[in-house]
Amino acid sequence: MTCKEFQEILPEIIDGGQTIEQESHWKSCGECSNLVADLTLISEQATRLRAADVPSPRVWNAIEIALREEGLINHGHSGLAVMPAHGRRWTMRWLVPAAAALLLSFGVVDYYMAKHQPQTQVAEISPTANVSNPVDAEDSQLLEAVALNAPSMRATYEANLRDVNSYIRDAEDSARMNPSDEDAQHLVMEAYAQKNMIYEMALDRSLR
Amino acid sequence: MATARKLQGGELSETEAIERARQGDANAFEALYDLHKRRVYSLCLRMTANAAEAEDLTQEAFLQLFRKIGTFRGESAFSTWLHRMAVNVVLMRLRKKNLPVVPLDDPLETEEESSRKEPGGPDQKLAGSVDRMEIQRAVDALPPGYRTIFVLHDVEGYEHNEIATLVGCSIGNSKSQLHKARMKLRDLLKTSRAAKAQTQ
């Protein structure tokens, strides 16, 4: 058997067995022997790449947001601990509906301000206090609550809040510039709803 | 069948998590994600060689799965179902980007060409071990078509008949492309070692 003949049937040899003739060539030929050893080694080592890497926390974060938006996560069935361990958790529970109401009211107020103010004046109105900074005082309180119970998630939530605040600013700017554009105003509401969802998720997490 | 693996510190089996996820339990979804995220993300990362895209695809694969979790009947392993879905999501993305899922016709180099390219001559051998980072870099450097076949067979353990169905090629094609992929990997590993030796 020649090296060429041997190498033509190499895939079968690596994945299965070999005949006596093939084995005899393999043992007597240094080059083919090295080739078989290398390809076997590569094939064996490849399994070490399985499940070797971990996605960043923002992947689950994005999945959870999508599941909530699509209504696949049932709000009344979060599976969280029914009895919180200490009083601080109880005192924070009211924040979920409160934050939701607050954020939506900012959205509604902004929606009507953008709709009813003359365009020249609206452009001068500064954005509402809670979205003017990348992460404001309320957001910082929320991040502290997250950091207490899920420190690894703090950075992810901070990034999410920055993103959604920026989205709110852009949407509000667009609504001010185009007060009669219903799509622009719908975007404002959607942006606030997203922020509301982030608050809800973060508080869910911090209450676990 | 979905396994009875215990999730969430031993409180929940995979079967229970699936059942609770069907009812909209956020913790059950997260438990299922935690159990399978490494395998799915690594598969996406190996096949695309791009971390941002792999995260995007991981997200898409899990979302597709969770949307259909109500239809999961448990006749097959949950992990098999999920991984098959992840592979399909990646292949669809590659096709959308017009990247070849099956290697383009690229006849294997002749022995002569191969020997000429090998650093240190034909008797050079990969010295007994290849570390994970080395092989990871080499797999990332493979052309997309070769990478798909190699990852599916040697990393993920799919059989040639399954690969043929998934990517739409013949079993013989899958076998020959896998061999070419391994040969290219060998070249890449040798070249990288030779380059490293020269800088030291």
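This note goes through the fold of chain B, its interface with chain A, and a few individual residues.

1. Basis. The model is predicted, with local features requiring pLDDT of at least 70 and side-chain atom pairs counted only at pLDDT 80 or more, while totals for chains, interfaces and linings use all residues. Residues are numbered from 1 along each chain as its sequence is written, chains are lettered from A and ligands numbered from 1 in the order in which they are written, and side-chain values use heavy atoms, with hydrogens and water left out.

2. Fold of chain B. Chain B has 9 helices and 2 strands (DSSP runs numbered from the N terminus: H or I of at least four residues for helices, E of at least two for strands). Read from the N terminus, the order is β-β-α-α-α-α-α-α-α-α-α. Of the 200 residues in chain B, 50% are buried (under 20% relative accessible area; exposed is over 50%, partly exposed in between, with a 1.4 Å probe and protein chains only). Among contacts in chain B with a separation of 6 or more, 66% join residues 24 or more positions apart (a contact means heavy atoms within 4.5 Å).

3. Extent of the interface. The size of an interface is often given as the accessible area lost when the parts come together. Here chains B and A bury about 4,500 Å² between them, 58% of it on carbon and sulfur atoms (buried area is the accessible area, 1.4 Å probe, that two parts lose on being put together, summed over both). On the chain B side, Glu55(B), Arg132(B) and Arg182(B) lose the most area to chain A, together 13% of what that side buries. In terms of contacts, 54 residues of chain B meet 48 residues of chain A.

4. Polar links across the interface. There are 14 residue pairs in polar contact between chain B and chain A, both residues at pLDDT 80 or more (N or O atoms within 3.5 Å; within protein, one must be able to donate a hydrogen and the other to accept it, and residues adjacent in sequence count only if both atoms are side-chain atoms). Helices 2, 3, 5, 6, 7 and 9 of chain B each supply at least two residues of the side touching chain A. Helix 2 of chain B gives the largest share, 12 residues. The salt bridge count between the chains is 4 (a side-chain nitrogen of Lys or Arg within 4 Å of a carboxyl oxygen of Asp or Glu). Glu70(A) forms a salt bridge with Arg67(B), with the closest N and O atoms 2.7 Å apart.

5. Helix 6 of chain B. Its buried residues are Glu134(B), Ile135(B), Gln136(B), Ala138(B) and Val139(B). The buried residues of helix 6 pack against helix 2, helix 7 and helix 9 of chain B, together with helix 4 (30-46) of chain A. Asp131(B) caps the N-terminal end of helix 6, a side-chain oxygen lying 3.1 Å from the backbone nitrogen of Met133(B).

6. Asn61(A). This residue is in helix 5 (residues 57-69) of chain A and is buried, at 1% relative accessible area. Leaving out residues up to four places away in sequence, Asn61(A) touches Met153(A), Thr156(A), Tyr157(A), Asn160(A) and Met201(A).

7. Positive phi. Most residues other than glycine have a negative phi. Ala51(A) has a positive phi near 55° and sits in the loop between helix 4 and helix 5 of chain A. Ala49(B) has a positive phi near 55° and lies in the loop between helix 2 and helix 3 of chain B. Ala51(A) is partly exposed at 26% relative accessibility, and Ala49(B) is partly exposed at 33%.
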